[in-house]
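Hello,

Here is the structure I promised to pass on, followed by my notes on what turned up in it. I hope they are handy when you open the file.

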Amino acid sequence: FKKIINKLFYILNTHYDWTNVNKKLKSILNSKEIDLVWIEKGLKIKPSSIMEFKNYKKLKFISYSCDDMMIKQNQSKDYLNSISLYDFHLTTKSYNVKELEYLGAKNVLFFINAYDNKDYRPRVFENYKFDISFLGGYEKDRLDQMLYLAKKGLKINIYGPSWEGKEKTHPNLKIKSGWVQSKEASRIFNITKINLHFLRKL
């Protein structure tokens, strides 16, 4: 049911707020002393949620994303209508700077990718548990490449969102669909001999 609803809203260029993030945001801002609000890829954050607190105790709103926010898949009407309301936009895509400014963003800052060295660090395990792993969302090209390896006899563990229905693609592909948090991702990296990485074809 959720997948059907999400597809419908995607066609309408919006995202259904399943987690009531706007209500939670307002509740937090009404109950705590906060200086900065950091929004990561705020596709569900409504302009009204920002406007209600825009000048509240000099509160600053920061929009951050490491994705290309000019691609339709990474946009929503709420996000596009909120661009000019954020005090800062942080992006890891150099070409997004001018594009965001063109859409009304002010104070667009570009910085290179980084990682959390508290979570993503070498850890010692007695033995490798897996030969090959991949962490990331489903994309046909990714599946095709790993399916090629599977048919050659290599066993691959796959973790990430949107892999539902692909679990029985090949016996050498062990698929666990769903988001992986940073600490678990770090553990998988450390117990795997070879970690595969693919950039999205988008």
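Predicted model: local features only at pLDDT ≥ 70, side-chain atom pairs only at ≥ 80, totals over all residues.

**The four-stranded sheet**

E6 and E7 belong to an open sheet of four strands, in the order E7-E6-E5-E8, with parallel pairing. Strand E7 (173–177) and E8 stand at the edges with a single partner strand each, so one side of each has no neighbour in the sheet. On average, neighbouring strands of this sheet are turned by 25° against each other, direction ignored.

Two helices lie across these strands. Helix H6 (residues 140–151) lies across E5, E6, E7 and E8, and runs at about 150° to E7. H7 lies across E5, E6 and E8, with an angle of about 120° to E8. The buried residues of helix H7 (residues 182–190) are Ala 185, Ser 186, Ile 188 and Asn 190. They pack against strand E5 (130–135), strand E6 (156–160) and strand E8 (192–196).

Which elements give two or more residues to the largest nonpolar core? First, its members: the core has 13 residues, and those touching the most other members are Phe 134, Met 146, Ile 156, Ile 158, Trp 163, Leu 173 and Leu 196. The elements asked about are E5, H6, E6 and E7, and H6 gives the most, with four residues. As general background, nonpolar side chains tend to be buried together in soluble globular proteins.

Not counting residues up to four places away in sequence, Met 146 touches Phe 134, Ile 156, Ile 158, Trp 163, Leu 173, Leu 196 and Phe 198. Apart from this core lies another, of eleven residues, including Leu 25, Ile 39, Leu 59 and Phe 61.

E1 pairs with strand E2 (residues 60–65) in the parallel sense, over five bridges, and Glu 40 has Tyr 64 as its bridge partner in E2.

**Charged residues**

The structure holds ten salt bridges, and I looked at three of them with you in mind.

- Glu 52 and Lys 26 form a salt bridge, with their closest N and O atoms 3.4 Å apart. This pair links distant parts of the chain, 26 residues apart: Glu 52 is in the loop between helix H3 (47–51) and E2, and Lys 26 is in helix H2 (residues 21–31). Glu 52 counts as partly exposed at 46% relative accessibility, and Lys 26 as partly exposed at 26%.
- Lys 193 and Asp 131 meet in a salt bridge at 3.4 Å, N to O. Lys 193 sits in strand E8 and Asp 131 in strand E5, 62 residues apart. Lys 193 is exposed, with a relative accessible area of 53%, whereas Asp 131 is partly exposed at 46%.
- Arg 187 and Glu 184 form a salt bridge whose closest N and O atoms are 2.9 Å apart. Because they are three residues apart in helix H7, about one helical turn separates them. Arg 187 is partly exposed at 29% relative accessible area, and Glu 184 is partly exposed at 32%.

And is Lys 93 buried or exposed? Lys 93 is buried, yet has no salt bridge. Asp 67, the nearest side chain of opposite charge, is 5.6 Å away, and a salt bridge would need the nitrogen within 4 Å of a carboxyl oxygen. Lys 93 lies in the loop between strand E3 (88–91) and helix H5 (96–102). Leaving aside neighbours within four places in sequence, Lys 93 is in contact with Cys 66, Asp 67, Asp 68 and Phe 110.

**An exposed loop residue**

Finally, Ala 114 lies in the loop between strand E4 (108–110) and E5. Ala 114 is exposed, with a relative accessible area of 71%. Its C-alpha atom is separated by 20 Å from that of Asn 74, a residue 40 places away along the chain.

Best wishes

Note on methods: Residues numbered from 1 in each chain as written. Heavy atoms only, no water. Buried < 20%, exposed > 50% of the residue type's maximum accessible area, 1.4 Å probe, protein only. Contact = heavy atoms within 4.5 Å. Pairing = 2+ DSSP bridges. Axes fitted to C-alpha atoms, helices over the stretch in contact; angles between N-to-C directions. Lys, Arg positive; Asp, Glu negative; His and termini not counted. Core = buried A, V, L, I, M, F, W, Y, C linked by side-chain atoms within 4.5 Å.
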